[in-house]
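Biologist: I have a structure open and want to go through what holds its parts together. Can you walk me through it?

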Amino acid sequence: QVQLVESGGGLVQAGGSLRLSCAASGSIFSINYMGWYRQAPGNQRDLVATITSGGTTNYADSVKGRFTISRDNAKNTVYLQMNSLKPEDTSVYYCKLLGQGRLYWGQGTQVTVSS
């Protein structure tokens, strides 16, 4: 079993910053990629950013230039640095891991950006 635990969410004013963390633990034999997705009430769950085990990154157009994804392979941890936050970034952010033929999701962490 693999468990993903997100942390770092909270309430921040527009223009502020937050850093999310996602730590993977359990029977991890391989990781293809890890990433962050977000889902607001009434919306679908959309990609925010992904990073492969080799360090290749991919971002949604809406966050390019503001968000940065990084990882620590030794700790099986992925981070999302979020700068210049906007109210439309308000959502539940979910960590995702693809590895050993399985897809794993974290429980989600709430990010709220006030105007």
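Biologist: Which side chain does arginine 66 meet in a salt bridge?
Modeller: The side chain of aspartate 89, at 2.8 Å from N to O. A salt bridge here is a side-chain nitrogen of Lys or Arg within 4 Å of a carboxyl oxygen of Asp or Glu. Before we go on: this is a predicted model, where local features need pLDDT of at least 70 and side-chain atom pairs count only at pLDDT 80 or more, while totals for chains, interfaces and linings use all residues. Residues are numbered from 1 along each chain as its sequence is written, and side-chain values use heavy atoms, with hydrogens and water left out.

Biologist: Are arginine 66 and aspartate 89 buried or exposed?
Modeller: Both are buried. Buried means under 20% relative accessible area, exposed over 50%, and partly exposed in between, with a 1.4 Å probe and protein chains only.

Biologist: What else does aspartate 89 form a salt bridge with?
Modeller: Arginine 38, with the closest N and O atoms 3.0 Å apart. Aspartate 89 is in the loop between β8 (77-82) and β9 (91-99), and arginine 38 is in strand β4 (residues 33-39), so the pair ties together parts 51 residues apart in sequence. Strands are DSSP runs of E, at least two residues, and helices are runs of H or I, at least four, numbered from the N terminus. Arginine 38 is buried as well.

Biologist: How many salt bridges does the count come to?
Modeller: The count is 3. Lysine 64 and aspartate 61 form one of them, at 3.2 Å from N to O. Aspartate 61 is exposed, with a relative accessible area of 66%.

Biologist: New topic. How many disulfides are there?
Modeller: There is 1 disulfide, meaning a pair of cysteine sulfur atoms within 2.5 Å. Cysteine 22 and cysteine 95 form it, with their sulfur atoms 2.0 Å apart. Cysteine 22 lies in strand β3 and cysteine 95 in strand β9, so the link ties together parts 73 residues apart in sequence. Both cysteines are buried.

Biologist: And the largest nonpolar core, which residues touch the most other members?
Modeller: Leu4, Trp36, Leu80, Met82 and Tyr93, out of 27 residues. A nonpolar core is a set of buried Ala, Val, Leu, Ile, Met, Phe, Trp, Tyr and Cys residues joined through side-chain atoms within 4.5 Å.

Biologist: Which element gives the most to this core?
Modeller: β3, with 4 residues.
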